[in-house]
Every structure is written in structure tokens, then in C-alpha cells.
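The sequence and structure are shown first.

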Amino acid sequence: MSLISNLKPGGKHGVPSSESRDPIGYLVAGLNRLAQTDLLDKVRLRKPAEQAVFSVTRSGFKTITNASRTFAKAGKKGQPGTRPTPAAASGVFDLTPGEDEQMLVDVVTEYAEELVRPAAAEADKACAAPDELLKASLEIGLPILGLPEALGGVSEERSAMAGTLVAEALAKGDMGLAVATLAPGSVATAIGLWGTDAQQQTYLPAFSAEDGTVPAAALALNEPTVLFDVLSPSTTAGRTADGYVLNGAKSLVARGDSAELFVVGAELDGAPVLFLVESSTEGLSVEGDPAMGVRAASMTKLVLEDVKVSADAVLGETDGSTYTECVRLSRLAWCALAVGTGQAVLDYVTPYVKEREAFGEPIANRQSVAFMVANIAIELQGMRLLTYRAASRAAAGKDFSREVALARKACTDKGMQIGLDGVQLLGGHGFVKEHPVERWYRDLRAIGIMEGTVLV
């Protein structure tokens, strides 16, 4: 019987009050509410072609940004915001998830299997996530998973490890849809980590709204330039009498056409800095930017032409330290997505090679095939170990620059190889869209290219 169908309501958000502060209780409650609706059937049956969205695959688009929401200013300017407490470290590096973490993995995995996986092929084709799927992600609290309880979130400690597990589990369903559902929460997490009291009180209440009006938001660091170096953005920020003016372009911005808040990276006085930019700001425009992979995330290009923001739009420090940490946490998230997608490849090709016959026997009996599958499993475990190591240090508030660099190198190289081997193992079937491996291969090639977009 489905885990979702076994969930029982009780207390606030459908769980006992003693569980209301941890991400497990919130996710379980959300899935319980989700199971009582017809969203499961709608996501499976609804075709993206029937949605009121523009098809960026055929004609592209260019439009002004979504300006439907105005964020009311609140909080104390210049005062530091609430920061999450570093997770307690035991001093022993153990890859075995704790009881709560394992439950989190189980719940999100089932969500990915029952909602994300069935919608993946059509979402990839349409370059858009189904509205029902996005609403379902709000039901299980994905936008506030990285926020502490004091800011309307669901955790008491830094949740980099929980975020890594969630990203991995979602990517087993589909990387593109995982990015689409995680993008708003990444902006909320960034504000929770580095925002001032005024920024947190102004923007974060919208992300914890229980009426389904959580805003789409995007973390924009990528740029459409040759030999792009994320730590030296071409987008510039110039000082004005009462703030800053931004000029430049950002590429591969997830769901930028519907985003109501952006975190934009720009160079200020020779250092990379993060800025909060509302979609209603004059000078912003969005263009379609469909890519080879991660297509379900509705990638767009954000153009900034003399965009004026106030002096309190800076997120974090102006010496580049906040920006650098943001890049590292983003790379950690992409590593988690690579691990999840790699696991999907392994889970798919293993039974395939055992059932597919050639010359009167399963192809798994051939050493070349068996060794290729074994190598996928070996490299995948190495990617997971390095990613978890970096996540555990990030959660504990320790320096994780070396660990995330190693993880990204492994996930970039070995992730692409896993995608290639998956296609090879299916032979001609690996080249057609009847099987999802070709999509996973395209998605895995994004790991070494994408910067920003998601973070944990």
C-alpha cells in the first residue's frame, strides 16, 4: 500500500504539534492533504499542450517580467536577520541517514515517483512544468524546507543535508521538474541565510503562505558569455545617490517568465554581489532560453537595462564572500541532482540488461555489459559520498570549499559518463524518446555548466 495513502492527519498542518517544527512532519502532513485531492490523477492525465503557456520550443518569446505582486516593506533596516543554527556534529562521518532523514527520503521519493516521473516526458517536451505539479510542491512545503522555524520554515537547524537529500530524491523522478520545484525555495533559503531583518520580514512571509500563493522566484547567476566565470560576472552594478543601477543579462533562469522575485549576481566595485530585484522593477525583461537539458524548468534569459534598486537591495556582504558561498551551495545542490539522476539511470538499466536478450541470452551475461553497469554503481557511490560529505560540513557551519569542489568535479565528469553509458547500454533504444535515458543523459550534461538556479 502506498505510503501516501497511509498518512493520517492530526494537529497543526495534519501532524501532531510536537512534529510541526521539523521538515519530516510538514512533508508528511502535506502529502496527506495531497492524497485527499485529485492532483495525482490530474498530473498524470493533463497534457502540457493543454496548459495556457507559451511554447518556447517552437517560437520563443520576449515579455516584461511578472509584476502581479508588490512586496510590502517590513522589518528593521540595517539590522541583521535571523540565522539558522548550525547542525550539531557528532565528529563521526556516517553516510547512514538518521531516522528522520530516512523518512524524509522515503516521503519525497514517493512524491517523485507518483507525481514527478509520470509528468516528466511531456514537461520536457513542452519546456514547462504542469501547474498541478507546482501546486503539489507547495503542499509538501518545498519552498520553506531551508528556512528555520523563526522565519516561517520547518527546521530548527541548518538544513543543507536535508536539502541535499530532497534534491537527490526529486531528481530520481526528473531533474528538470526537480529544478522547477526547488527554484523558489532556493531564493527563500538565500534570504534566510544572508538577508537583513527588513529583507526577511518583507519577502519570507510570502513563501510560507498556506493559501497557495507562494511566489515563483529565481536565483540568476549564469550569463550568456563565452568562457563564463561565475565569480567574475559581466553584469554590473553601479552606485547611485539612493541605491544601485544594474545592467547585463542572465541566462538559464528557471521559470523566469513567472518569477516575482530574483536574486541577481552582479559585479560591484570589483567584487561579485547578490541583489534582490522584484519583477515589477522597471528595466527587466524575459526571453525564452530553452536548453539541451533540464527543459522542464522553463529556462529563460533575464535582461537588465538600467534597473534601479534601492540601497537595501544588497543581499549579504559586498566583499564577495556571500556571493562565493552562494555559488558553493548552488554547486552542492547540482551535485545532489546529479546523484539522483544517476541513480535513476542505474535503476533503469539494471533490469533492462537482465531482460534484453541477444544471441539467445540476456545481454547482462556479457562481461562488457556487466562491467559497465558495475562501473555506474561504483562511480555513483563515489559521487554520493563526496556530495554528502560536503553537505554535512555545510550544515555544521564548517568550511566546505574543498569538499564541494571535489564533489562537483566528480559529478561533472562521472555524471556525464553515467548518462552516456546508460544510452549505450540500451543500444538503439537509448537514442529514442520512448525510454527516459536519453533525457537523463541530456540533463546530466548540465551539471558542469549550470551555476545558481538552485541551492541547499
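## Basis and terms

A cavity is a set of points, on a 1 Å grid over the protein atoms alone, where a 1.4 Å probe fits but cannot get out. Its volume is the space filled by probe spheres set on the points, with grid points joined across faces, edges and corners.

The model is predicted: local features need pLDDT of at least 70, side-chain atom pairs count only at pLDDT 80 or more, and totals for chains, interfaces and linings use all residues. Residues are numbered from 1 along each chain as its sequence is written, and side-chain values use heavy atoms, with hydrogens and water left out.

## The cavity

A search of the whole structure finds 1 cavity of 30 Å³ or more. The largest cavity has a volume of about 170 Å³. Its lining (residues with an atom within 4 Å of a point) comprises 16 residues, of which Gly163, Leu182, Thr189, Leu455 and Val456 lie nearest the centre.

By class, the lining has 9 nonpolar, 6 polar and 1 charged residues. Here Ala, Val, Leu, Ile, Met, Phe, Trp, Tyr, Cys and Pro count as nonpolar, Asp, Glu, Lys and Arg as charged, and the others, Gly among them, as polar. Helices α5 and α6 each supply at least two residues of this lining; helices (H or I, at least four residues) and strands (E, at least two) are DSSP runs numbered from the N terminus.

## The helix pair

Helix α5 (residues 160–171) packs against helix α6 (residues 175–194) at an angle of about 140°, with the axes 8 Å apart. Axes are lines fitted to C-alpha atoms over the stretch in contact, and angles run from 0 to 180 degrees between N-to-C directions. The angle therefore makes α5 oblique to α6, since under 35 degrees counts as roughly parallel, over 145 as roughly antiparallel, 65 to 115 as roughly perpendicular and the rest as oblique.

Contact (heavy atoms within 4.5 Å) is made by Val166, Ala167, Leu170 and Ala171 of α5 and by Met175, Ala178, Thr181 and Leu182 of α6. These comprise 7 nonpolar, 1 polar and no charged residues.

## The paired strands

Strands pair if DSSP finds at least two bridges between them. Strand β3 (residues 236–239) pairs with β4 (residues 243–254) in the antiparallel sense over 4 bridges, and the two form a hairpin with 3 residues between them. Arg239 stands opposite Tyr244 in β4.

Strand β4 also pairs with β8 (residues 299–310), antiparallel over 9 bridges, with Val253 opposite Thr300.

Terms used. On a 1 Å grid over the protein atoms alone, a cavity is a set of points where a 1.4 Å probe fits but cannot get out, and a pocket is an open set with protein on both sides within 12 Å along at least five of seven lines; lining residues have an atom within 4 Å of a point.
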